[in-house]
Amino acid sequence: MLDQFHDPDLHVTPTLPARSGSGLIDAVTRGNAEQVRASFDGGPKVASPGQTLKEWLALRHTCPQGVRGLAEQRLSRQDLVRRRRRSGFVGRRGEISTFRINLGRDSEADDYQFIHHVHGIAGVGKTSLLRQWVAIADEYGATTVHLADTIHSAVEAMSVMSERLSRQELPMKKFEKRLAVYKQRLHEAQQALRAQPPQEESIAEQSAPPSLSRTIAAQVGLVGFGMLPVVGALAGAVDPVQVVEGAHRLASAVGGRLRSPDDVRLLLDPVGALTPVFLEDLAELAERQPRVILFIDVYERTGPALDAWLRDIAFTDVHGALPANVQIVLAGQGRLDARFWGDWLDLVNDVSLDIFTEQEAQALLALQGITSEQVVEVILHLSGRLPVLVHTLAQARPSDVGAVVDPSGTAVERFLKWEIDSARRTAALACALPLRFNEDVYRSVVPPEAADQYAWVRGLAFVTDQAGQCRYHDVVRTPMLRLQRTQSPTRWRKDQTSLAELYQSWRLRREEGLPEEERWTDPLWREYRCNETYHRLCADARQALPEALEEITEACEQDGGSVRRWTQLLSQAAADTADDTLATWGDRLASAPAAEPSTIVGTLGVLLGYPGLPIPGQVRARLVRGRAHRRAERYAQAHADFAAALILAPDNAVAHVERGFTYLLTGQSEQALSGYTRAIEIDPELDWAYVGRAQALRMCGRVAEALADVNRALAIDPEYAAAHAERSMIFWEAARWEDAVQEMARAVEYAPPYSWYRLAWLRFLGNLGRHAEVVKHTDAILAGAGDAPSGHRSEILAYQGWALHCLGRDDAALSLLTQSTELAGAPPSAFTRYGWVLWEANRLEEAERSFSFALAAAPEMTWAHGGRGITRLYDGRWDEAVEDLTRSFALQFGIPNATAETRMARPLVALVREHMDTDRAAVSAALRLTAIVCVQSEWPGLARSVASVLLLRPSPRLLAGGVRLMREFDETLDGQSRDGDDWTKRLVGPILRLLDRRSLSGDAAEQP
């Protein structure tokens, strides 16, 4: 049977009839399905060459002449009895029978139990019962996965499950690919936090409605891209109100060096991004297996990290669908947390385990050959009939009457009472010191005379061995630690210090080939650091506690899983040392919220709320919490934390930059300048401070100074992508279009693949009307973007689709925009572009749906309001059209709704309505042209485009009405100082001159 509780790599098959002697045994041992199949007479040939033994067994199980049937035909009753005896498992007949019966049911039946919760006190036999359930599941051909308490987050749980399924030749390829992207992006984000300014802003379109401060902050980064100057009802394809959410979050989180908006979503909500892919792969896997069962042990430790996630995948469709033939088995000491499971407890099979009955305990002892009434009586008394203690005391098969008479002394004697070999006793006690141990750790803690006893220790009843890592049961380990700590405190400190130094040496060796920014994401480094800290706390809690608290602040820079790992470590050390100070800190930290992202903010609040954290740790905690507040738009709290950090460390350059960036986000450019300047005074080589100050200077209109700062940053690091991007924005704002394009191309060159700089570069080209170049470059990008995040790929497809539309290739444009909007993470602008092309194809219902989808995500997206207004206008819904167009004009030009309605929206609707039937082609062409040019900064071939509309021979009345409408627009905006309005006049002026010339000539068909 497959026993993942001892070694996930070891697959031990069900008992098979020895028809061909050692050949069959060898085939079973090596998992060769073909050889096993050949060893049976008359069995169905259901397996294909190369099929795994487990897959074949699963199929055989469903056949009338399957493995179990053959086994029953060839084994005698005595054989079956001996096999049951060899399992060494007694009791729990009801629980085993219930599980077996449930496996035999149809997974879609109403009485099928798909989630079980086994609970009971430590040592009651939860893990042993799960081991039996795994064996039964294997008999039924089920695929099983087991997790223990090394899991501290839902992402870790999915990762480990995937890895263990891969060991069973059931890979989750899509999930593993997406997980690899997440790990890479997380690594890049951590690098960015340490190596570049937090003020660079993504230009990815996002959806949430922005606050005024966020809009100001977005305009800082977007004006230079030509995103603000747009015209009329069709304006705003890239209005800042759509992009602020992604921009400020990305900037505040990692400084803008990530690769796409999808990356931001992946980092901000990895569970939400990864779980749907995980469930999709699980569903495909489940189609090929009769049952898939996920066993999660020690749930009292993993529950806080997994409760919400497991509830959601089991009972809701938040992340997708859980296949019907997937079971979940949880095992822990307490009951499920009603805060998460309360509404669903009636659907959970509750399995409560109690201590052995006297008859069950006696049965287990009888299996071990212990029948002496006196010995049995002593064991029952010492163990309290707790299964783990009964098993442990029975393992030595004691028969000495003198020993039985002995009252048993200390608690440790309960486990080592009949072990007379002093070397073994010493080894057993020493191995209680580490949290977990393998053979390397074992040899470092035991005396030389016990060096060869590792296999014996590993086989003790209270030792669980998983993937080469052994662990004592808490019921056994706790009294062993207490004995050593109280018998010789000096020896205790020495042994704990030795273990800390051992793990420190391994950690330092690991660091030799590991960049600093990768340490916290490296499992081995994390394990060494964690154990080193634990043993230092055990050796001298008072001395080690301050550093341990600082480590928790470091963990808060990573993720909630790291925080929980370190806080649990502190609680474990408190329990193992009986230190009141550690226990107090453990209780405080345990009170922090468990849900992401509150875990980090809550934990930092605890660390800062009590004395004990050294000043460097307080500064770090303030900076980390300040960033978290800023990401959540709690700007006042962020300012407070950064100010507090600067009181503690006035010369901390990073704190000055963080506060400067927060000022920038809230539109306080002068204060931002002050913060960046002070950071540069402290550290003149801080390149990202120069880039941040350049952005603030640009916001103040001090473009020459901004350019000087960017040049200083590039003098420090010529390949600094963020500096090239900021210089590009400065050039764009100065209307140095070609320089801006070239600088952004350099940013793309130095940034990782799929960076937001690439999107900015494509946008530049599109804004300049260089649509053929957009098509060329996006072709090349898509050809090598097989592993691109879906959101990034969606934006690339949308850019290419819109460029093709502008070139008149609408069929190809529709195809690409369809693909773009079908991808996860498609931005609102993709749906808006799609809506315009659908409108032109007269697919009005689909167009309106696409615009509405964009507006649901970005309610203030002016281009989408304009597009939906025009679509409703063409559908004859005049009032709704006026409403949408009024909203578009008011948002775009910052004018009152009443003005937007009376001077812009209603005249436009009236003009189109009047000429819809007689001049439909000319009206549609004019609206199409406006939809294109309104999102550009330059208009190559504008005269030819206007002429193409005039070639459709619009009536003189339509021409006159159009001129009159544009003049009214011009007059309405006259005297306003907004950049977008100046841009509008720059575009409208040439068009009016062209139309005036045409009106004077009286020949609407004459070429300009």
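**Terms and values**

Mentor: Residues 24 or more positions apart account for 68% of the contacts in the protein chain with a separation of 6 or more, where contact means heavy atoms within 4.5 Å. This is a predicted model, in which local features need pLDDT of at least 70 and side-chain atom pairs count only at pLDDT 80 or more, while totals for chains, interfaces and linings use all residues. Residues are numbered from 1 along each chain as its sequence is written, and side-chain values use heavy atoms, with hydrogens and water left out.

Trainee: What makes a residue count as buried, and what percentage of the protein chain does?

Mentor: Buried means under 20% relative accessible area, exposed over 50%, and partly exposed in between, with a 1.4 Å probe and protein chains only. Of the 1008 residues, 57% count as buried.

Trainee: What makes the largest nonpolar core a core, and how many residues has it?

Mentor: A nonpolar core is a set of buried Ala, Val, Leu, Ile, Met, Phe, Trp, Tyr and Cys residues joined through side-chain atoms within 4.5 Å. The largest has 88 residues, and those with the most contacts inside it include Trp 133, Val 457 and Leu 570. Helix α27 (residues 541-556) gives the most to this core, with eight residues. A second, separate core has 59 residues, among them Leu 665 and Leu 714.

Trainee: How are helices and strands identified, and how many are there?

Mentor: They are DSSP runs numbered from the N terminus: helices are H or I with at least four residues, strands are E with at least two. The protein chain comes to 51 helices and seven strands.

Trainee: Why are β1 and β4 called paired?

Mentor: Two strands pair if DSSP finds at least two bridges between them. Five bridges join β1 (residues 115-119) to β4 (residues 326-332), so the pair meets that definition. These two strands run parallel, and His 117 stands opposite Leu 330 in β4.

Trainee: Why do β2 and β5 count as edges of the sheet?

Mentor: The open sheet of five strands has the order β2-β3-β4-β1-β5, with parallel pairing. β2 (143-147) and β5 (349-352) each have a single partner strand, so one side of each is left without a neighbour in the sheet.

Trainee: What makes the phi of Glu 169 worth a remark?

Mentor: Most residues other than glycine have a negative phi. Glu 169 is not a glycine, yet its phi is positive, about 65 degrees. Glu 169 lies in the loop between α8 and α9 (173-195).
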